[in-house]
Amino acid sequence: MTESQPAEDSVDIAKLRPSTKVDLSAVYDFLGTRTSPSWVAAAIDNLPLLIQDHANCEKKAAGTAMNLIFRYEFSYDLQRKLAQLIREEMLHYEQVLSIMHEREQEWQYLGAGRYAKGMLKHKRTYEPAAMVDVLIIGAFIEARSCERFAALSEAIDDERLAKYYRYLLKSESRHFEDYLALAQSLSEDNIDERVAFFKEVESELISRPDTELRFHSGTPA
């Protein structure tokens with residue numbers, strides 16, 4: 001870490017500053033359901049898989065934002081927010097890779113779960129409605145990530161990993177609101193109805209029994 005690089009931007013998670021308590025009430029209100037204790041227990045029993053899927057999620061989030069930044073160049077606010085998001089998600093990706101290296105965990109192929117695909121299949125196909133839906137879906141993905149980081153940080157025995165998940169809460173709790181604000185800025189109509197629709201879809205995906213364990217999977221079958 002250079003002298004000009006703040007601790008909260010360090011790739012080395014040992015140098016990260018302890019996070020102050022983050023108010024997650026807005027995240028919990030936004031989501032339609034809370035993570036089940038059975039998912040938390042399964043995640044703790046399968047930490048290597050969960051850590052790898054977390055890395056995949058950070059990489060995919062950065063990749064999705066990069067695709068959007070090239071596709072929707074007309075909006076200054078969208079471009080600026082996406083650029084910030086890409087930078088932040090790639091930092092998190094580096095940090096999770098560092099955790100894997102520290103734990104001597106080798107990279108393995110891990111297929112995607114049903115979660116994102118289950119929401120994206122409801123995306124409208126015409127613009128700007130398609131972009132609005134993508135951003136709303138992004139808001140739910142970020143909010144769910146935040147909710148699960150919080151759940152894991154309270155239950156996991158590995159204090160180093162728990163500290164890292166608590167560190168992530170500050171940025172993740174902000175991301176979903178950024179996505180929603182961008183979605184509304186691109187829509188002439190109020191987006192509340194679409195948000196309510198995807199809230200039901202997301203809640204169903206999280207509550208339904210799932211045969212695959214992933215960071216955004218449903219209740220373990």
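Colleague: How many aromatic pairs does the structure hold?

Modeller: Rings of Phe, Tyr and Trp (its six-membered ring) pair if their centres lie within 6.5 Å; planes under 30 degrees apart count as stacked, over 60 as edge-to-face and the rest as tilted. The structure holds eight such pairs. This is a predicted model: local features need pLDDT of at least 70, side-chain atom pairs count only at pLDDT 80 or more, and totals for chains, interfaces and linings use all residues. Residues are numbered from 1 along each chain as its sequence is written, and side-chain values use heavy atoms, without hydrogens and water.

Colleague: How are the rings of Phe30 and Phe140 arranged?

Modeller: Their centres are 4.2 Å apart and their planes at 20 degrees, so the pair is stacked. Phe30 lies in helix 1 and Phe140 in helix 6, 110 residues apart; helices are DSSP runs (H or I, at least four residues) numbered from the N terminus.

Colleague: Are Phe30 and Phe140 buried or exposed?

Modeller: Buried means under 20% relative accessible area, exposed over 50%, partly exposed in between (1.4 Å probe, protein chains only). Both Phe30 and Phe140 are buried.

Colleague: At what angle do helix 4 and helix 7 pack?

Modeller: Two packed helices are described by the angle between their axes and the distance between the axes. Helix 4 (residues 76–102) and helix 7 (residues 159–185) pack at about 160 degrees, with axes 12 Å apart. Axes are lines fitted to C-alpha atoms, for helices over the stretch in contact, and angles run from 0 to 180 degrees between N-to-C directions. The two helices are therefore roughly antiparallel (angles over 145 degrees).

Notes:
Parallel < 35°, antiparallel > 145°, perpendicular 65-115°, else oblique.
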